[in-house]
Amino acid sequence: MNLCDIKTIKQIMAMFSLNFRKEFGQNFLTDISVVEDISDNCCDDASSSILEIGPGIGSLTACLAERYDSVVALEIDRGLIPVLKYTLGDYRNVTVINEDVMKADIEGILAPYFEKGKVSVCANLPYYITTPILMRLLECGLPFEYITIMIQSEVADRLCAAPGGKNCGAITAVLNYYGTAEKLFEVKADRFIPAPKVDSAVVRIKLHKDKPYKPLDEATFFRTIRAAFEQRRKTLPNALSAVFGELSKDEITDIIVSCGHSADIRGERLSTADFATLSDALYRAIKKI
Ligand code: SAM
């Protein structure tokens with residue numbers, strides 16, 4: 001069964017009386033070569049387990065199951081569970097769980113797979129919730145090897161941007177704290193049913209085994225990044241003083257200059273390493289240590 005064939009997808013949806021649910025970001029892939037490329041490149045160790053988010057009718061899931069030791073797929077839409085039983089029934093190494101990834105106990109679900117070996121994530125993510133899902137995967141602290149995601153092209157550019165570039169945003173600096181992102185390839189909107197309004201891209205994130213930046217206080221580190229990008233047209237002293245009420249604007253300016261930056265720098269010029277140094281200095285000033 002070719003689960004990327006448009007006629008087959010429509011037949012399966014009709015057979016189970018289902019419609020594509022916009023509220024769940026259901027845009028299914030219709031190009032088997034894209035599905036194969038994602039599966040081939042999401043991980044470099046066939047003995048790995050893969051967490052898939054949003055299997056849909058199971059096209060990517062089947063391809064992953066053929067390449068890797070096991071696949072755990074979390075699908076929010078209860079209506080798709082009987083479909084997945086039908087399409088993936090022959091794959092003994094696939095476990096489908098009817099859960100919302102934002103609420104699921106990912107750590108508990110994956111514990112037996114981490115005991116067996118490496119675990120990576122691979123997903124064609126629903127657009128409506130891309131960043132929250134990515135942040136959940138990064139913040140849950142699980143030692144994933146890779147996180148490979150298909151996302152809107154514009155978001156992919158932001159994840160992979162260099163500091164100082166026009167595409168750089170808070171997510172760029174945060175992502176670099178957890179790993180290194182690489183854009184693998186673009187996928188045109190007409191490769192999906194229904195076709196989304198924008199093109200997509202596949203991004204692979206290799207997570208740092210040992211984080212290169214170790215801020216004194218993670219909360220202050222993330223607060224600094226958020227503040228710097230919240231008002232990106234403002235200079236950094238102005239942007240930070242809007243958020244760090246504990247310090248005067250003069251104190252903040254002095255701290256920025258003491259970290260080697262000019263007083264009129266904008267936050268987007270800073271790298272993740274710069275944010276770590278700056279947030280340490282802010283933290284010390286706030287705590288008077
Ligand atoms: N993997 C399939 C493919 O590539 O054709 C479907 C991808 S589709 C873009 C996104 C999938 O994620 C849908 O099956 C949708 O129901 C599911 N989904 C949406 N929100 C979810 C959530 N919070 N947790 C788990 N699955 C979700």
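1. A word on the model first: it is predicted, and local features need pLDDT of at least 70, side-chain atom pairs count only at pLDDT 80 or more, while totals for chains, interfaces and linings use all residues. Residues are numbered from 1 along each chain as its sequence is written, and side-chain values use heavy atoms, with hydrogens and water left out.

2. Now the overall picture. The protein chain has 12 helices and nine strands; these are DSSP runs numbered from the N terminus, helices being H or I with at least four residues and strands E with at least two. Its C-alpha trace spans about 65 × 40 × 30 Å along the principal axes. Of the 289 residues, 53% count as buried (under 20% relative accessible area, with exposed meaning over 50% and partly exposed in between, for a 1.4 Å probe and protein chains only). Among contacts (heavy atoms within 4.5 Å) between residues at least 6 apart in sequence, 67% join residues at least 24 apart.

3. You will find leucine 51 in strand β2, buried with a relative accessible area of 1%. Cysteine 122 is 71 residues away from leucine 51 in sequence, yet their C-alpha atoms are 6.3 Å apart in space. Neighbours within four places in sequence aside, leucine 51 is in contact with residues including Val72, Leu74, Ile106, Cys122 and Phe144.

4. Next, look at helix α3 (residues 59–67). Seven of its nine residues are buried, so α3 is largely enclosed by the rest of the structure. Those buried residues are Ser59, Leu60, Thr61, Ala62, Cys63, Leu64 and Ala65. Their packing partners are α2, β2, β3, α4, β4 and β5.

5. How do α2 and α3 meet? The axes of α2 (residues 32–41) and α3 come within 9 Å and cross at roughly 45 degrees. (Axes are lines fitted to C-alpha atoms, for helices over the stretch in contact, and angles run from 0 to 180 degrees between N-to-C directions.) That makes α2 oblique to α3; angles under 35 degrees count as roughly parallel, over 145 as roughly antiparallel, 65 to 115 as roughly perpendicular and the rest as oblique. On the α2 side the contact involves Val35, Glu36, Ile38, Ser39 and Asp40, and on the α3 side Ser59, Leu60, Cys63, Leu64 and Arg67.

6. Compare that with α11 (residues 249–258) and α12, whose axes come within 10 Å and cross at roughly 140 degrees. These two helices are therefore oblique to each other. Here Ile252, Ile255 and Ile256 of α11 meet Leu278, Ala281, Leu282 and Ala285 of α12.

7. Helix α9 (residues 218–230) has 13 residues and reaches 18 Å from its first C-alpha to its last, close to the 18 Å expected at 1.5 Å a residue (1.5 Å times one less than the number of residues). Its buried residues include Phe221, Phe222, Ile225 and Phe229, and the buried residues of α9 pack against α8, α10 and α12.

8. Finally, a loop residue: glutamate 268 lies between α11 and α12. Is glutamate 268 buried or exposed? At 18% relative accessibility, glutamate 268 counts as buried. Leaving aside neighbours within four places in sequence, glutamate 268 is in contact with Pro163, Gly164, Cys168, Phe229 and Arg232.
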